[in-house]
Amino acid sequence: MKKKYAMVVDSSVCIDCKACMVSCKVQHSLPRGHWRNWIKEMRPDFSLGKYTYGHFQPGNCMHCENPTCVHACPSGATYKDEETGIVQINEDFCIGCGNCIVACPYFARYRHPVRRVPDKCDYCQDRLAMGLQPACVDTCPTKARVFGDLNDPESEAAFLLRTRDTVKITTSPEDTKPNMYYLASTEPMDWPGEVKYPAAHSTMTGLVNPLFKIAVGLSGLAVAAMLIRQIFSGSESSEQEEKKEEA
Amino acid sequence: MQDGKTPISRRRFLQTSMAAAAVGAGLQSPLVKGLVPRVQAAGSRPDQGEITSHFTACDMCFNRCGMIARKQNGVIKKLDPNPKCLKSRGMICARGNAAVKHIYNPDRLKYPLMRKGKRGEGNWERVSWEEALDYTAEQLMDIAEKHTRCGVMFTPGVDSQARFVQQFADVFGSYNITNHESLCLLSRNRAYLDTFGEVPYPDVLHSRYIIIAGANPLEAFITPDTTDLIEAKKNGCRIVVLDPRFTRTAALAHEWHQIRPGTDMAFFLALCHVIVKGERFCCPDKTFGYDKFVEHVAKYTPEWAEKECGIPARDISRIAHEITEAAPRAMVYPGRRTSDYEDSTQIRRAMAITNVLLDNWDRPGGLLASREVGVRSPFYHIPWYDDNPFDRVEAGKASGLFDDIGSFQLMREAVISGEPYPIRGWFSFKTNFMQTAPDRQKTIRMLDNIDFFVNIDIFMSDTAWFADVVLPGNSFLERKDPVHPLQGSSACACAFIRDPVVEDMFESRPPFWILQELSKRMGFGESFDFTIEEYRKKQVEGLDGALEIMHRDGIYFNPSKVYGIYAGSPLKTLSGVKEIYNQRYERSGDDPMPVYRRPSNPPEGQFRLVVGRTAFFTQSRTNNELLTEFMEENTLHMHPESAERLGLKNNDLVEVASRAGKDRLRLEIDEGIEKRTVYMATGFGSLSPQMSLVYKKGASIAEILEDTHDEITGNAAMHETLVSVRKVS
C-alpha cells in the first residue's frame with residue numbers, strides 16, 4: 001500500500017534543546033550555517049507576569065500535498081514520491097536554478113554551498129530503510145515529534161491525528177496543504193513567507209498549456225542560462241538566499 | 001573554496017551537463033519520474049560499507065545517556081539514543097549528538113607534550129610517552145619525598161575512569177583529592193544529607209506538584225528528570241518556577257515568579273509558615289525538632305516574605321495550600337548546581353525541610369532513597385605513610401566540609417598560603433578549574449606554589465594550558481571502561497560498560513593505562529596489575545548475567561525496590577528521623593534551622609551576576625563546532641530598562657568588572673531578567689588557543705566571579721558577585 005508519511009508534533013512539550021537540529025545535521029553532514037530543520041520561538045508577553053510563558057515550535061519540510069517547490073522545478077528534479085509522500089530531490093536532474101528554494105513558503109530549502117543543489121528534509125529515508133526513525137524524531141528528549149504513515153491506522157501519527165485536534169501552518173493565497181500537524185495549537189503561526197515563482201515561470205504556467213513547459217525544457221537557451229547560473233553561482237548567491245530566508 | 005567561489009569538479013560538470021542534456025531532450029517532470037529507478041530517486045549516493053551499531057554511553061556531561069554508535073568504514077557517523085536506556089528515556093540531547101565532533105575534533109590533544117617556556121606561554125614540545133611518563137613519575141616522587149605524599153593534590157573529573165585516579169591518589173598516599181563537585185552541588189548534598197540522611201532522587205515522573213527554585217532542569221539536563229518533568233506535566237502535574245530569569249523551565253511552567261535573587265529561603269520559610277499552620281501535616285513524630293520549627297517560622301509570614309523576595313503573599317499562601325493538597329506526591333525539586341550563595345546549604349535546608357513537611361520521603365512522586373544497583377567497588381589496599389600530615393589540607397576550614405571531596409577554593413587558599421602544610425604538585429584529570437572556579441587570577445597565582453603540574457585531558461583546556469606535562473587521554477568512544485552504576489530516579493537502577501567503538505586516535509591513551517604506567521614507575525605497580533575485564537568481573541560479582549546483558553542491551557537493570565526502602569528502619573541522621581532541627585549544626589555553631597539573611601542589594605549602577613548554561617553546552621567542555629553554531633560567544637543579559645539607564649544597546653560590547661577581574665562580551669537585552677541582575681553563560685572566554693572555538697570568544701565566568709563560598713561546605717558561591725557594566729568601543 002502507498003504510504004503517506006507525515007509528522008505530528010506536540011510543540012507544547014518542545015524545550016528548545018536543539019537535539020533534533022544537531023541530530024539532523026550529523027545524519028546528513030550539513031554545512032555550518034545551514035539546517036534541514038528548526039525550532040521557532042514565540043515572543044513571550046511579559047505583561048502576563050507570573051503567567052508569562054514560552055512556546056517552541058519544531059519544524060522541517062512539511063512534505064506538502066500541494067508542493068509549490070515541485071511546481072516551481074523546471075527539470076523534474078524535485079518531485080513528490082507517490083509511494084511515500086516524501087518530497088524528494090534528484091540531484092542528478094537538478095540544474096541548480098534555485099526556483100524551488102524561493103517557491104517554498106516555509107524556507108525549508110537552502111542551496112548547499114558545496115554541492116550547489118537545493119537540500120532539505122527527506123524524512124531520513126536512509127534511516128527509514130534501516131528501520132529507524134528519522135534522526136530528529138529518534139533523538140527528541142520529550143518526544144515532541146511523532147513521525148509515521150497516515151495511511152497506517154495503527155501508526156502513532158495516524159492515531160494522534162484521529163484522536164486529537166490539530167492545526168497546520170498554512171499559507172495563502174496558495175495553500176500548500178502541509179503534512180505537518182501540530183497538536184492542539186502552536187505558536188508562532190505567522191512566519192511563512194510568500195510562495196514565489198520566478199516571473200517567467202509563472203507566466204508560462206499561468207498562461208499556457210503545460211505542453212509549453214516541454215518547450216521551455218527544450219529551449220537550449222534557457223538550459224544554458226540555468227547551467228551558467230549554476231556554474232557561476234558561488235557562495236555569494238547562497239548568502240543572498242539565506243538573507244531572504246531570514247527575512 | 002577559499003575565494004568564496006566553489007570550483008566545479010569535472011565529475012559534477014559532467015553530471016550537470018547530462019542533466020541538462022536530459023532536460024534538453026524533453027524529459028520533463030512526469031516522464032523523468034518514471035525513468036528514475038526508485039533507489040536513486042533522491043539522487044543520494046549512500047556511502048559504501050556496512051553500517052554497524054555499537055552500544056556505548058554518552059560522556060558529554062555527567063548523565064551518561066545510553067547511546068548506539070553507528071559506524072561505517074571505521075568512522076563513527078552518527079550517535080543515536082539507546083531506546084532500552086530507561087534513565088535517559090531513549091533520548092540523546094544536542095551535546096550527545098555532537099559527540100561525533102568531540103572525538104573528531106581538530107583541537108584534540110594528539111601527543112604527550114612538555115612545557116618549554118613559562119606557564120601559560122604555550123611553548124610546547126612533543127615528547128614520547130616514555131619520556132612524559134618517566135618525567136611525571138620522577139617529579140611526583142620528588143614532591144612526595146620533599147613534602148610528603150599529601151604534597152600532591154589530585155583532581156579527578158567526572159568520568160568512568162575517575163575511580164582509578166582516586167585509587168591512584170589513595171595508593172600514592174595523598175588525601176588531598178577534590179573534584180568539580182565543590183563548584184557544583186555540595187551544598188545541596190549537605191542540606192539533604194543533614195535532613196534525610198542521604199541525597200535523594202526526585203521522583204519527578206509521579207509527582208503532582210513541583211516547585212523548582214534555583215534549578216533549570218529543562219536546560220541543564222538531568223536524566224530522567226528533564227524528560228519526566230514534561231511527562232509529569234502532561235499527566236497534570238503543576239509546575240511552579242522561581243527564577244530571576246525567564247529560563248526554558250520558566251517558559252514551560254504553569255507559573256513563573258521572578259524572584260529577587262538570593263531570597264529563595266524567605267519564600268520557603270514563609271511556605272513552611274503556612275503549611276505548619278494548617279492541620280494537614282500528619283507526622284511530626286517522625287521528625288526531629290518539629291515544634292521548635294513551628295516556633296521558628298512563626299515570624300516568617302507570607303507578608304514578610306513578599307517584602308523580601310517580591311512574590312505576593314497571596315501567591316505564597318495559595319502555593320502552600322495547593323502543594324499540601326497534592327502532598328505526598330509533591331516536592332520542592334532539590335536541584336543540582338547549588339553553588340550560588342554563601343548560605344546555600346541553609347537555603348537548600350529550607351527547601352529540604354519543606355519536603356519534610358510534604359511527607360514525600362521514600363514515596364511515589366516524592367524524594368527517593370538510593371536504590372540498590374548491586375555493582376561493587378573492588379577492594380584495594382591503601383598503604384600508610386608515617387610522614388603524612390594528619391588530615392587534608394583544608395580540613396576544619398568549613399564546618400560541613402566533605403572529608404572525601406573538600407573544597408577547591410579552600411584548597412587553593414591553602415596552596416597559596418602554604419598552610420598548614422605545603423602542596424607543591426597537582427595531578428589533574430579532566431577538570432578545568434581555570435575556566436570553572438571563581439577568581440581565575442587566583443588560580444593562576446596558586447600555580448606559583450606548584451612545582452609540578454600534570455594534566456590528562458582530551459583537549460588543551462585552559463587548565464591544561466598552564467600545565468607542565470599534558471597527556472592526551474582517549475575519548476569515551478575509544479574506551480574500555482569499568483562497569484558504571486547509575487540510578488535514574490524511579491526509572492531504574494542500572495549499570496553500563498563501554499567498549500571501544502573505534503581505536504585510540506593519534507597517540508591518545510586510556511587514563512587507566514596512563515595510571516598503570518605511572519604506578520609501575522612509582523613503585524606501586526601491583527596496585528594496578530589487573531585488566532579492565534578482571535575489574536568488571538569483580539564489580540558484578542553476585543549479579544548473574546549482568547555483563548552479558550550489558551553487552552546485549554547496552555545496559556543492565558537491577559529490579560531493586562523503589563519505594564519504601566527504609567520501611568520503618570531509622571534514617572542515617574543523628575536522630576534517626578528527618579532532622580528539621582539539626583543537632584550537628586548546633587554543635588558546630590551553625591544555625592540548626594535555616595535563618596534568613598537578606599542578600600546585599602547591588603548599589604546603584606551595579607548588578608548581581610548570575611551564571612548558568614544552555615541545553616547545548618556543558619560548562620567549559622563544549623569546544624564543539626556543532627554546538628557553538630547555536631551560540632558563538634556568550635552575552636551579558638540585561639533588562640531593557642537597566643540597559644537604557646546605562647545608555648546601552650543590544651549587541652554593545654561591554655566590560656563587566658568585579659573585584660576579582662573583568663572581561664568583555666556583547667550585551668543582550670533580555671526582558672525576562674530581573675532588573676538588578678545580569679546573566680552570562682559558562683564556557684566562553686577561553687585562555688587556551690587550542691580551545692579554538694571559544695578562545696577569546698565572549699567572557700569567562702572564572703575571570704569575573706569573586707572568590708566566595710558556602711560557609712558550611714566550602715562549595716563555590718557563584719551568585720554573590722556584584723559587577724559594574726560599561727560600554728567599551
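A residue is called buried if 20 or more other C-beta atoms lie within 10 Å of its own, exposed if 12 or fewer, and partly exposed in between, with C-beta atoms placed from the backbone. Helices (H or I, at least four residues) and strands (E, at least two) are DSSP runs, numbered from the N terminus. Bear in mind that this is a predicted model: local features need pLDDT of at least 70, side-chain atom pairs count only at pLDDT 80 or more, and totals for chains, interfaces and linings use all residues. Residues are numbered from 1 along each chain as its sequence is written, while chains are lettered from A and ligands numbered from 1 in the order in which they are written.

**Stop one: a strand in chain B**

Select residues 425-429 of chain B, which is strand S14. How many of its five residues are buried? Five of the five are, so the strand is mostly covered. Gly425(B), Phe427(B) and Phe429(B) are buried on one side, and Trp426(B) and Ser428(B) on the other. In a regular strand the side chains alternate between the two faces of the sheet.

Strand S6 (residues 152-156) of chain B runs parallel to S14(B) over five bridges, and Met153(B) sits opposite Trp426(B). Strand S15 (residues 452-457) of chain B also pairs with S14(B) in the parallel sense, over five bridges; there, look for Val454(B) opposite Phe427(B).

**Stop two: the nonpolar core**

A nonpolar core is a set of buried Ala, Val, Leu, Ile, Met, Phe, Trp, Tyr and Cys residues joined through C-beta atoms within 7 Å. The largest one here has 272 residues, and Phe267(B) is among those with the most contacts inside it. Select helix H10 (residues 264-277) of chain B next: it gives this core its largest share, 11 residues.

Zoom in on Phe267(B). Leaving aside neighbours within four places in sequence, its contacts (C-beta atoms, placed from the backbone, within 7 Å) include Leu242(B), Ile259(B) and Ala305(B).

**Stop three: a sheet in chain A**

Over in chain A there are 10 helices and 10 strands, and 49% of the 247 residues count as buried. Find the open, mixed sheet of four strands in the order S8-S1-S10-S9. Its edge strands, S8 (145-149) and S9 (166-167) of chain A, each pair on one side only. S9(A) runs antiparallel to strand S10 (residues 180-183) of chain A, joined by two bridges, and Val167(A) stands opposite Tyr182(A).

Definitions and conventions: Pairing = 2+ DSSP bridges. Contact = placed C-beta atoms within 7 Å.
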